Amino acid sequence: AIELLQADSFRRNYADVDWQPQYLLRGNATNLRRYLHRAATKRVRRPLAFNRPLDAAVQSQLRAHVRWPTPMAHPRLRAHSHIAPAGHGESGGSGDGGGALAAAGLDFFAGPALSGIPMHYHGPVWNALVYGRKLWALLPPSESRFAPEQQHPLDSDWYRTWRLRSKADSANRRRFDGGERPPWRFCVQEEGDALYVPLGWGHATLNLREGLAVGGFLHDALSLGLHMQVQHAPRGVGSLQNAAVWGDSWRRLCSRAFALEA
């Protein structure tokens, strides 16, 4: 079923609707197919990444193609965590309890080349790249931090460091670093790769090519129950889970992601 989410099929079947931008950069919901075209023709200076269609029916159709990886699934999800086409038995697509449970809490991450997410941190997550190529910058928990407000990854110190280091040989890298290792760990995620980010590790991403990924927060019994109760929250279940895990300090850091309260 995952073949149905490759680039041409994804754009044709799922991108010609409004998608919500990911939460750390300001933006409006927009037709994703047209946005990808504009970005590909260099008409977007700082491209945004998106993580869910506004239409809940489209979201359900997308989730019908994916399941939790068995090693990362909560026991309640494990029986349904294989990948299977919609409509094939208990673990099939939307319309049956097994299918809904199998994809509970999963989100999608779509964007053109040079879109991405600023540095941030939260609970443990996994992310699998369906198609594309994605750069990750990682910070251990002792050095985790949030990027300055509204800072696009293209304007970050970590991206400038990666670009300079990627062009240098080993000797020049040592000279460039001044004998000290930069705080960031870098890796490039290729199509089909899955990445696990542990609790509290800072991470930022940049799509080196247009891409689509799927992933989710790892659950304990309490957070899984929260996910199932607020599955259709407008800002995404992940934001609500983080608020529950990190409490007031996390909410202050992420207040710009939430609507103003009366």
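Me: Hi! Is tyrosine 35 buried or exposed?
Reply: Tyrosine 35 is buried, with a relative accessible area of 7%. Buried means under 20% relative accessible area, exposed over 50%, partly exposed in between (1.4 Å probe, protein chains only). This is a predicted model, where local features need pLDDT of at least 70, side-chain atom pairs count only at pLDDT 80 or more, and totals for chains, interfaces and linings use all residues. Residues are numbered from 1 along each chain as its sequence is written, and side-chain values use heavy atoms, leaving out hydrogens and water.

Me: Thanks! Which aromatic pair does tyrosine 35 form?
Reply: One with phenylalanine 50, edge-to-face, at 5.0 Å centre to centre and 75 degrees between the planes. Rings of Phe, Tyr and Trp (its six-membered ring) pair if their centres lie within 6.5 Å; planes under 30 degrees apart count as stacked, over 60 as edge-to-face and the rest as tilted.

Me: And where do tyrosine 35 and phenylalanine 50 lie?
Reply: Tyrosine 35 is in helix H2 (residues 32-40) and phenylalanine 50 in strand E3, so the pair ties together parts 15 residues apart in sequence. Helices (H or I, at least four residues) and strands (E, at least two) are DSSP runs, numbered from the N terminus. Phenylalanine 50 is also buried, with a relative accessible area of 0%.

Me: New topic: how many helices and strands are there in the protein?
Reply: Nine helices and nine strands.

Me: Which residues of H3 are buried?
Reply: In helix H3 (residues 56-63), they are Val58, Gln59, Leu62 and Arg63.

Me: Last one: which residues form an aromatic cluster?
Reply: Phe10, Tyr14, Trp19 and Tyr131 form one.
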